[in-house]
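Here is a brief report on side-chain contacts and chain packing. Look at the structure first, then read on.

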2 protein chains.
Amino acid sequence: MRKAIATVSLSGTLIEKLEAIAAARFDGVEIFENDLLFHTGAARDVRRYASDLGLSIDLFQPFRDFEGVSDAQLRRNLDRAERKFDLMEELGAPLILVCSNVGTEVSDDDARMADQLHQLAERAARRGLKIGFEALSWGTRVRTYDRAFGIVERANHPHLGLILDSFHTLALPDDWSGIAGLPGQRVFFVQLADAPRLGMNALTLSRHFRCLPGQGDLDVPGFLRAVLASGYTGTISLEIFNDDMRAAPPRQTAADGHRSLLFLEERVRRGDEAAAQEAAAGARRPRRRVELFDPPLPPAIAGHRFLEVAVDERCEGALARLLTQLGFRRMGRHRTKEVTLYGQGEIRMVLNREPDSFASSYFLVHGPSVCAQALATDDALAALGRAESYGAARFGGRIGPDEHAFPSIRAPDGSLIILTDAQTGGDFESDFVLEAAAGAPAGHLTRIDHVAQALPEGQLDSWVLFYRSVLGLEPEDSMMLPDPYGLVRSKAVSNAERSLRLPLNISESRNTATARLVTSFAGAGVHHIALATDDIFAAAEALKAAGATLLPIPANYYDDVAARFGLDDAVVARMQSFGILYDRVGEGEFFHLYTTPFEERFYFELVQRRDGYDLYGAPNAPVRMAALAALRGPNLSQVLR
Amino acid sequence: MRKAIATVSLSGTLIEKLEAIAAARFDGVEIFENDLLFHTGAARDVRRYASDLGLSIDLFQPFRDFEGVSDAQLRRNLDRAERKFDLMEELGAPLILVCSNVGTEVSDDDARMADQLHQLAERAARRGLKIGFEALSWGTRVRTYDRAFGIVERANHPHLGLILDSFHTLALPDDWSGIAGLPGQRVFFVQLADAPRLGMNALTLSRHFRCLPGQGDLDVPGFLRAVLASGYTGTISLEIFNDDMRAAPPRQTAADGHRSLLFLEERVRRGDEAAAQEAAAGARRPRRRVELFDPPLPPAIAGHRFLEVAVDERCEGALARLLTQLGFRRMGRHRTKEVTLYGQGEIRMVLNREPDSFASSYFLVHGPSVCAQALATDDALAALGRAESYGAARFGGRIGPDEHAFPSIRAPDGSLIILTDAQTGGDFESDFVLEAAAGAPAGHLTRIDHVAQALPEGQLDSWVLFYRSVLGLEPEDSMMLPDPYGLVRSKAVSNAERSLRLPLNISESRNTATARLVTSFAGAGVHHIALATDDIFAAAEALKAAGATLLPIPANYYDDVAARFGLDDAVVARMQSFGILYDRVGEGEFFHLYTTPFEERFYFELVQRRDGYDLYGAPNAPVRMAALAALRGPNLSQVLR
């Protein structure tokens with residue numbers, strides 16, 4: 001489908017916005033009037049600039065408080081419209097968005113509104129322009145698409161049509177089952193936005209918290225499916241008012257926006273396919289008059305194949321010691337590079353200090369940190385194809401003779417996601433000179449349970465969209481975790497099998513442990529690696545015996561956990577002796593413990609899930625955060641006052 | 001009244017919190033259970049530590065989901081309570097807060113709830129402890145104070161009483177007229193919190209946006225007045241859940257909290273006095289059994305007496321040139337210091353480059369910037385007394401022989417507020433060797449209209465409380481101003497006569513012009529100074545003739561302003577030739593223009609108000625911000641991608 005975006009959705013000057021929109025491969029743009037007012041240059045120059053970038057100007061917006069007014073006001077409104085028509089001619093914008101009147105003195109008479117819109121359409125027609133009428137969900141009289149459509153039908157003018165907006169329809173408890181039955185040619189334009197359900201009124205939600213389709217809780221795919229069923233074949237356009245996006249780089253927002261529309265199309269297509277499969281044999285997919293995006297299916301992901309940590313000579317030894325304490329065994333050394341492999345159970349950790357490599361560049365900026373996550377997929381090349389079709393950047397590293405070439409893409413922070421499969425990754429260890437006999441090194445740890453990443457503020461929605469579209473992961477519920485020095489918002493993305501879990505964390509303050517790790521990382525980064533065990537007590541015992549430093553947990557925590565869950569005293573005593581935390585949901589139990597941070601960069605977690613526990617121990621996050629804060633002594637901002 | 005605060009209201013570790021609370025001169029503290037759980041140390045050590053700091057532990061909280069449960073669950077709940085009673089004994093906390101059950105299976109039978117609370121109170125009584133029952137506004141069954149009170153009365157146990165919370169009562173559309181009629185001795189504790197009206201549900205509002213009394217929109221003074229009318233003589237305690245405060249330094253939050261309670265008491269007292277005056281002669285003030293805070297009245301403020309700008313030799317000349325272009329005349333030089341006086345109309349600007357002075361220290365950190373605002377009050381010493389009674393820090397600078405000693409206090413960012421009156425400030429110019437004949441220098445500018453300050457993120461509420469309590473200013477409506485690179489939240493404080501107007505601005509992004517000025521200022525600071533004129537066209541003409549650089553405004557703005565307001569073409573053309581912006585509200589008109597920033601620190605605005613215009617031209621703020629952004633060329637974050 002043709003894709004557009006409203007300039008109000010992006011930060012920056014009008015020129016910056018147009019460049020970002022064109023770079024993200026949109027077809028067209030809605031010009032938000034204020035962007036033009038604040039632009040130093042004539043409207044016709046904007047038209048030329050957009051055209052040179054390959055962008056059409058599809059819509060000019062908004063024109064407010066037009067219909068349902070007194071005759072005297074109507075004359076003034078028509079005069080005002082003529083001035084805007086002048087601008088539209090200069091811009092080459094064929095359509096103007098008239099949103100329903102939010103004034104205090106608005107007639108409730110549909111005939112009056114229809115008559116006035118007819119007059120406006122007549123004026124527009126003389127110039128070859130068109131009017132699109134849209135119901136704002138907080139309009140004084142007209143709040144729903146069906147009332148707006150009734151008025152448009154009553155006005156009965158070929159230059160007047162309906163504009164649909166998913167936000168206004170889905171944010172109301174409105175019955176929108178009629179959309180599929182609309183005559184599609186009477187729908188002049190379709191705007192799309194998603195939104196979280198935050199328990200606030202539609203106006204506040206709309207002005208500050210709209211988000212891209214796929215980032216919120218509204219059924220935007222269902223909405224688009226209904227729109228397509230009406231026979232609409234026009235443009236789909238993003239109109240997002242969002243405080244984070246107002247501050248984000250416009251190129252990121254535009255790239256995310258284009259990705260969100262592709263992903264929306266894919267979801268509509270897959271939904272159709274699923275519906276067709278469910279229907280009786282012989283049922284056919286709905287016939288579309290438009291092509292929907294059709295990328296390769298998301299890969300099946302069995303989990304992490306390995307994690308790669310960028311190190312230098314100095315810290316490699318310390319990390320190797322910590323891995324050994326954790327029960328890892330040094331498995332071998334790379335045949336041609338300064339790269340070492342450690343293993344335990346199914347877990348593989350690669351320590352990379354090869355000069356002039358990606359890892360060494362990463363190390364310079366981020367210090368010792370996870371620079372690549374390798375995933376075990378069923379088809380790495382198909383996964384790469386999907387990622388690239390969603391605009392992910394492919395990465396090509398140096399390949400030595402006879403070495404494995406892993407398809408790789410860049411995560412939004414520039415770190416790597418390496419795509420392996422049985423063919424490439426199954427024997428990636430053959431790139432190494434293995435030191436011991438064949439077979440996986442034994443220990444108490446079995447696999448990578450989850451890898452938690454800290455993101456810069458305002459970036460959560462962008463990352464969630466990346467993982468959903470590129471890897472087919474789905475977001476879990478959002479959590480607010482209280483650090484002693486501020487809140488941390490957390491949302492995990494994972495696959496249905498839960499073989500890949502990636503909690504994403506955003507600190508809402510600059511003083512939390514999470515924020516400090518991010519700051520050290522010069523951006524985003526992995527702040528902890530959770531490793532699964534089938535016997536956390538044995539693993540903890542071994543860890544302690546090996547001399548590892550565990551994160552100390554206050555005794556008061558154990559009094560409370562005993563009271564809350566009615567745990568056996570002896571079990572609680574054992575937990576306390578190792579600093580093991582506990583959570584329970586239904587029958588599922590969760591035991592976990594933490595090491596202290598390695599070089600203030602990241603730490604390890606050991607987790608044991610029992611009986612289907614499917615979360616991350618969020619109730620214990622404040623304990624962990626307070627313990628991390630205590631490690632660092634008094635807060636700097638406190639000392640400075 | 002005795003004052004307390006809940007530990008959950010502050011950031012930091014438990015020890016940091018207690019120290020901050022004691023430093024702010026609170027009498028007591030509510031221990032939030034999580035703060036204890038995450039504390040590395042025994043409860044009895046916390047008791048001793050608080051006691052050494054002079055703090056009593058008044059309350060332990062919360063105990064959740066107790067009442068209205070099955071018999072089996074009741075037994076578990078009572079067991080759980082006994083564990084908490086153990087903790088309370090160690091803490092020396094006499095009272096526990098039981099908040100109404102929010103579970104899914106809760107009986108709606110008041111008798112059952114009363115009976116279960118009676119059993120709990122009986123257990124507490126055995127240990128000499130007390131139970132306070134509080135209605136959460138989102139409780140499953142019990143949501144209002146009067147239902148909670150009915151249950152408490154029915155339970156009829158001397159160790160069970162009611163806890164009132166202003167948030168839960170005022171956030172609901174609840175009739176709270178009955179509070180004054182409650183038997184005060186049955187109210188065991190009173191928690192106070194304010195909140196803005198944000199159009200969201202009570203739970204979301206409560207968890208993230210509660211604020212200190214005087215910072216929100218709830219009638220907390222009315223609530224406290226009703227509480228006092230009941231005969232309650234106990235503690236008033238702050239329980240604030242607020243995302244900004246979770247990240248703010250705990251000492252600031254504690255100091256603000258204490259100030260907010262003092263200010264609340266003053267408002268209740270003044271309200272009583274006003275009511276007494278309004279009542280028929282012979283009516284008496286309500287008799288209080290508690291003493292309410294009684295500071296000196298706020299000063300009457302005629303406006304700014306002068307502004308002091310910290311400069312060095314290098315930039316003094318440039319600023320002097322700019323002032324001369326603006327129509328200022330050099331009036332004289334300080335008798336003993338490297339300080340120069342400029343004047344025009346009633347406006348006085350002092351340029352200070354005296355070595356080893358406050359101004360020179362300020363310059364080192366902030367660069368050329370307003371380091372002091374001198375206010376013309378009716379009684380500077382009374383104003384100082386009030387400020388100090390509200391915990392403002394007094395500042396004493398060096399005074400030369402025969403020089404004026406101005407009482408001064410520190411604003412929250414460390415800059416000075418100098419308090420002058422007819423006695424001290426009337427002839428402050430006599431400290432200067434005046435260069436010209438007596439009389440105010442003539443020019444088109446008459447007085448300081450407003451001084452706009454940028455604040456660091458999360459600090460708006462703190463500053464508003466400072467100005468309300470210390471200077472008696474009142475907040476105007478809050479605005480959201482879109483900069484091309486993010487939103488700026490703006491709220492002015494002013495006096496009733498509007499002779500002092502101080503817009504306060506917070507950038508929600510780090511890339512806005514406002515944020516960049518703040519960053520340059522290493523904190524907060526004045527980013528523009530608005531000077532009033534009675535003839536903006538003459539002033540602009542003179543400014544242009546003098547060679548000043550005015551902020552360029554795009555031509556498109558003038559097309560729109562002409563269409564929106566139906567302005568005369570000739571007037572619009574003149575406005576455009578000077579970059580004059582326009583706003584109108586009712587009959588009131590506002591003309592204003594801006595200079596380009598001086599050393600990237602602050603800029604001047606010229607304003608003309610006509611026919612009672614009472615705002616700041618907020619609809620034009622985006623134009624100004626876009627023009628400021630355009631001055632700086634492309635956005636850095638854009639270039640870096």
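## Model and interface

This is a predicted model. Chain A and chain B meet in an interface. On the chain A side, 52 residues are in contact with 53 residues of chain B. The size of an interface is often given as the accessible area lost when the parts come together. Here the two chains bury about 4,500 Å² between them. Carbon and sulfur atoms account for 54% of that area.

Polar links also cross the interface of chain A and chain B. The rule finds 2 salt bridges there. One joins Asp560(A) to Lys84(B), at 2.9 Å from N to O. A count of residue pairs in polar contact across the interface gives 14. Helix α18 of chain A, residues 555-565, supplies the largest share of the side that touches chain B, with 6 residues.

## Aromatic pairs

Over all chains, the structure holds 41 aromatic pairs. Phe590(A) and Tyr613(A) make one of them: their ring centres are 4.7 Å apart and their planes meet at 10°, so the pair is stacked. This pair links distant parts of the chain. Phe590(A) is in strand β24 (588-594) of chain A, while Tyr613(A) is in the loop between β25 (603-610) and α20 (621-631). The two are 23 residues apart. Both Phe590(A) and Tyr613(A) are buried.

Tyr594(A) and Tyr603(A) pair in another geometry. Their centres are 5.8 Å apart and their planes stand at 70°, so the pair is edge-to-face. Tyr594(A) and Tyr603(A) are both buried. Elsewhere, Phe306(A), Phe406(A), Phe428(A) and Phe432(A) form one aromatic cluster.

## Charges over rings

Which residue lies over the face of Phe63(A)? Arg80(A) does, at 4.4 Å from the ring centre. Lys130(A) places its charged end over the ring of Phe188(A), 4.9 Å from the centre.

## Salt bridges

Side chains of opposite charge can pair when their charged atoms come close. A search of the whole structure finds 84 salt bridges over all chains. In chain A, Arg468(A) pairs with Glu474(A), with 2.8 Å between the closest N and O atoms. Arg468(A) counts as buried at 9% relative accessibility. Glu474(A) counts as partly exposed at 36%. Chain A also has a network of salt bridges that links Glu266(A), Arg269(A), Arg270(A), Glu273(A), Asp294(A) and Arg386(A).

In chain B, Asp86(B) and Arg127(B) form a salt bridge at 2.7 Å, N to O. Asp86(B) is in helix α4 (71-91), and Arg127(B) is in the loop between α5 (110-126) and β5 (130-134), 41 residues apart. Asp86(B) is partly exposed at 36%, as is Arg127(B) at 24%. Arg330(B) and Glu435(B) also form a salt bridge, at 2.9 Å, N to O. Arg330(B) lies in strand β10 (329-334) and Glu435(B) in the loop between β17 (432-434) and β18 (445-455), so the bridge ties together parts 105 residues apart in sequence. Arg330(B) is partly exposed at 34%. Glu435(B) is partly exposed at 47%.

## A loop residue

Gln459(A) lies in the loop between β18 (445-455) and α15 (460-471) of chain A. Is Gln459(A) buried or exposed? Gln459(A) is buried, because its relative accessible area is 15% and the cut-off for buried is under 20%. Leaving out residues up to four places away in sequence, Gln459(A) touches Gln252(A) and Ile506(A).

Note on methods
Residues are numbered from 1 along each chain as its sequence is written. Chains are lettered from A and ligands numbered from 1 in the order in which they are written. This is a predicted model: local features need pLDDT of at least 70, side-chain atom pairs count only at pLDDT 80 or more; totals for chains, interfaces and linings use all residues. Side-chain values use heavy atoms; hydrogens and water are left out. Rings of Phe, Tyr and Trp (its six-membered ring) pair if their centres lie within 6.5 Å; planes under 30 degrees apart count as stacked, over 60 as edge-to-face and the rest as tilted. Helices (H or I, at least four residues) and strands (E, at least two) are DSSP runs, numbered from the N terminus. Buried means under 20% relative accessible area, exposed over 50%, partly exposed in between (1.4 Å probe, protein chains only). A charge sits over a ring if NZ of Lys or CZ of Arg is within 6 Å of the ring centre and within 35 degrees of the ring normal. Contact means heavy atoms within 4.5 Å. Buried area is the accessible area (1.4 Å probe) that two parts lose on being put together, summed over both. A salt bridge is a side-chain nitrogen of Lys or Arg within 4 Å of a carboxyl oxygen of Asp or Glu. A polar contact is a pair of N or O atoms within 3.5 Å; within protein, one must be able to donate a hydrogen and the other to accept it, and residues adjacent in sequence count only if both atoms are side-chain atoms.
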